[in-house]
Amino acid sequence: MGNDQNLTLTVKADTADASSKLDTLGGSIGRMTAAFTLGSIATRGVEAAWGFLKNTVVDSIASFNESESVVAQMNATLASTGHAAGMSAKQLVDLSQSLQAQTRFSDETILSAENLLLTFTNIGSDVFPQATEAVLNMATALGQDASGSAIQLGKALQDPILGVSALRRVGVNFNETQQETIKRLVETNRT
């Protein structure tokens, strides 16, 4: 066996179904403890602990389902763009996790923004990590969601000359030297 082994774990769970089943089990536990110590502090403690455990399990299932959905969307986008970004799904997930540790954004939010950036096929692996970080910085600075910032920055990177104008409209400014540099780079096919 080589070092390039992949493990795929799929958990199929519905949060409403899990919540219902946990409620049923919680009711049974509550009736059991009530039979022993009706109205005691211990009974209330067991009920509170069970409620916390149930909420944790249901939230975990919902979070896992959201992550699985975003990664599935990423794989579809990578395939539909012919992997134009030059990055693998693992590299994109790793990037989102490293940025999550540095920002206020969840990895699912970052992955969703990456999915939008992936649709702009002029953004390659040499720029993609910086573009993703710039999306998060824009979203924070401009008080908007990461998806909106991803679309704005993606459009700007896809067509830099028009993109400068679009970014200026949302509050990102470029000085004359920067605008001239962008224009020269585009003219020499070094976008």
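A residue counts as buried when its relative accessible area is under 20%, as exposed when that area is over 50%, and as partly exposed in between, with a 1.4 Å probe and protein chains only. By this scale Val71 is partly exposed, with a relative accessible area of 26%. Val71 lies in helix H2, which covers residues 41-80; helices here (H or I, at least four residues) and strands (E, at least two) are DSSP runs, numbered from the N terminus.

The structure is a predicted model, in which local features need pLDDT of at least 70, side-chain atom pairs count only at pLDDT 80 or more, and totals for chains, interfaces and linings use all residues. Residues are numbered from 1 along each chain as its sequence is written, and side-chain values use heavy atoms, with hydrogens and water left out.

Confidence is expressed as pLDDT, the predictor's per-residue value from 0 to 100. Its mean over the protein is 78, and 68% of the residues reach 70 or more. Where pLDDT is low, the predicted coordinates should not be read in detail.

The secondary structure comes to 8 helices and 0 strands, so that the pattern along the sequence reads α-α-α-α-α-α-α-α. Of the 191 residues, 28% count as buried. Among the contacts with a separation of 6 or more, 59% are between residues 24 or more positions apart.

Two helix pairs can be followed in detail. In the pair of helix H3 (residues 89-100) and helix H4 (residues 107-118), the axes are 9 Å apart and the packing angle is about 130°. Axes are lines fitted to C-alpha atoms, for helices over the stretch in contact, and angles run from 0 to 180 degrees between N-to-C directions. H3 and H4 are therefore oblique to each other; angles under 35 degrees count as roughly parallel, over 145 as roughly antiparallel, 65 to 115 as roughly perpendicular and the rest as oblique. H3 passes H4 in a right-handed crossing, a crossing being right-handed if the near helix is turned clockwise from the far one by less than a right angle, and left-handed if anticlockwise. On the H3 side the contact is made by Leu92, Val93, Leu95, Ser96, Leu99 and Gln100, and on the H4 side by Asp107, Ile110, Leu111, Glu114 and Leu118. These residues divide into 7 nonpolar, 2 polar and 2 charged, where Ala, Val, Leu, Ile, Met, Phe, Trp, Tyr, Cys and Pro count as nonpolar, Asp, Glu, Lys and Arg as charged, and the others, Gly among them, as polar.

Residues from other parts of the chain also meet this pair. Val71 touches Val93 and Leu111, leaving out residues up to four places away in sequence. The C-alpha atoms of Val71 and Val93 are 8.2 Å apart, while the two residues are 22 residues apart in sequence. Thr132, in helix H5, is buried, with a relative accessible area of 1%. Beyond four places in sequence, Thr132 touches Leu95, Leu99, Ile110, Glu114 and Leu117. Gln97 is a residue of helix H3 and counts as partly exposed at 41% relative accessibility. Its C-alpha atom is separated by 9.0 Å from that of Leu111, 14 residues apart along the chain.

The other pair is H5 with helix H6 (residues 146-158), which pack at an angle of about 130° with axes 8 Å apart. That angle makes H5 oblique to H6, and H5 passes H6 in a right-handed crossing. Ala131, Ala134, Val135, Leu136, Met138 and Ala139 of H5 meet Ala146, Ser149, Ala150, Gln152, Leu153 and Leu157 of H6. The contact divides into 10 nonpolar residues, 2 polar and no charged. Ser149, in helix H6, is buried, with a relative accessible area of 0%. Apart from neighbours within four places in sequence, Ser149 is in contact with Val135, Met138, Ala139 and Gln144.

One backbone value remains. Most residues other than glycine have a negative phi. His83, in the loop between H2 and H3, has a positive phi, near 55°. At 44% relative accessibility, His83 counts as partly exposed.

Terms used: Contact = heavy atoms within 4.5 Å.
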